[in-house]
Amino acid sequence: MSEIQSPDAISGIPPWLMAVAAMMSVQLSNALSVPVIEQVGPAGTAWMRMCFGVVFLWCIARPNLRALRRNDIPALIALGVVTGFMTTFFLAAVERVPLGTAVAIEFLGPLTVAAVMSKQRKALLWPLLAFVGVVLLTEPWKGSIDLVGVGFAVAAGTCWALYNLLTQHVGDRFAGISGLALTIPVAALATLPVGLPQVIAGTLTWWVLPAAATIALITPVIAFGLEMTALRRMTHTAFGTLLSIEPAFGILIGLLVLAQTPTPLQIAGIALVVLAGAAAQRDGDRTADTLVTTEIPASPSKENT
């Protein structure tokens, strides 16, 4: 195995900046998915995003499958399945609850993992503070909370926590986005049984396919690629800390794109979630000697053949 250095253009970009850009891209793609969900359902939308993602990724970085080792396969399959259902569950949540609320609930998953992995015992208190913030966001005392939507967001959060762990592992073993080019096809296959029926039963108006393709270019291609690159250079703790601002991005994108205006109490809830995430960890870059990367070279393009 040889360590593959990142290109200068990528290595010069701070990992935190790539992570922030990825978070904004994810929330933008989720907001833009709402009209598509109305036509083909959340599972159908997620599946179409994965399918178009495969097309884009294999055009950019078609991996050489013959170079794939047998012991790499379990992690790739696990990450692919988790990625597919993380998207499916979250879009199902967004169909029922506001975007910012869904992100805050989902965020409990990676925050809990980051707190558990922290060396500081007091970090375990922060997920509880975030939970208080989620309660303020959902306002259950009003009796209007959608428990099914909350359940989907919790399931997405569980997948998100596993996604972060597996993404770092896969990103350490494969150069560039070659790991992503291998896992997104698995995600498409894993979500096919739930996604294809919704697409068939839905309404495929003229704009649905190009909209799904555009969203797929944002997420999974750009966003997940940035996340995988950032996670190769950051600890779980640092990444978990940085993720604390994602619920705020969810509220912002929900306001700007979907006109979902939060109440003052909900804004306070988001503030608690962000505070909990920021306080749970300390920063930390991953050192180069922690990275062991196996390059899966791309297949030759037509220009090189």
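1. Contact here means heavy atoms within 4.5 Å. Among contacts in the chain between residues at least 6 apart in sequence, 91% join residues at least 24 apart. The model is predicted, so local features need pLDDT of at least 70 and side-chain atom pairs count only at pLDDT 80 or more, while totals for chains, interfaces and linings use all residues. Residues are numbered from 1 along each chain as its sequence is written, and side-chain values use heavy atoms, with hydrogens and water left out.

2. The chain has 11 helices and zero strands, where helices (H or I, at least four residues) and strands (E, at least two) are DSSP runs numbered from the N terminus. Its pattern along the sequence is α-α-α-α-α-α-α-α-α-α-α. Of the 305 residues, 51% are buried; buried means under 20% relative accessible area, exposed over 50%, and partly exposed in between (1.4 Å probe, protein chains only).

3. The largest nonpolar core has 62 residues. Such a core is a set of buried Ala, Val, Leu, Ile, Met, Phe, Trp, Tyr and Cys residues joined through side-chain atoms within 4.5 Å. Phe90, Leu99, Tyr163, Val170, Ile184 and Phe224 touch the most other members. Helix H2 supplies the largest share of this core, nine residues. Apart from it lies another core, of eight residues, including Val36, Val40, Ala212 and Ile215.

4. Leu99 deserves a separate entry. Not counting residues up to four places away in sequence, Leu99 touches Gln27, Asn30, Ala31, Phe90, Val94, Gly250, Ile253, Gly254, Leu258 and Gln260.

5. There are two cavities of 30 Å³ or more. A cavity is a set of points, on a 1 Å grid over the protein atoms alone, where a 1.4 Å probe fits but cannot get out; lining residues have an atom within 4 Å of a point. Grid points are joined across faces, edges and corners, and a volume is the space filled by probe spheres set on the points. The largest cavity holds about 140 Å³. It is lined by 14 residues, of which Val26, Asn30, Met86, Glu106 and Phe224 are the closest to its centre. Helices H2 (15-60), H3 (73-94), H6 (147-173) and H8 (208-231) each give two or more residues to this lining, and H2 gives the most, with four.

6. What is the make-up of the residues of that lining: nonpolar, polar or charged? They divide into six nonpolar, four polar and four charged. Ala, Val, Leu, Ile, Met, Phe, Trp, Tyr, Cys and Pro count as nonpolar, Asp, Glu, Lys and Arg as charged, and the others, Gly among them, as polar.

7. Asp146 sits in the loop between helix H5 (126-138) and H6 and is partly exposed, at 22% relative accessible area. A polar atom of the Asp146 side chain lies 3.1 Å from the backbone nitrogen of Val148. Leaving aside residues up to four places away in sequence, Asp146 touches Arg96 and Val97.

8. Most residues other than glycine have a negative phi, and most peptide bonds are trans. Thr219 and Pro220 are joined by a cis peptide bond, with omega about 25°; Pro220 is in helix H8. Glu139, in the loop between H5 and H6, has a positive phi near 50° and is buried at 7% relative accessibility. Ala259, in the loop between helix H10 (246-258) and helix H11 (264-280), has a positive phi near 55° and is exposed at 60%.

Note on methods. On a 1 Å grid over the protein atoms alone, a cavity is a set of points where a 1.4 Å probe fits but cannot get out, and a pocket is an open set with protein on both sides within 12 Å along at least five of seven lines; lining residues have an atom within 4 Å of a point. A polar contact is a pair of N or O atoms within 3.5 Å; within protein, one must be able to donate a hydrogen and the other to accept it, and residues adjacent in sequence count only if both atoms are side-chain atoms.
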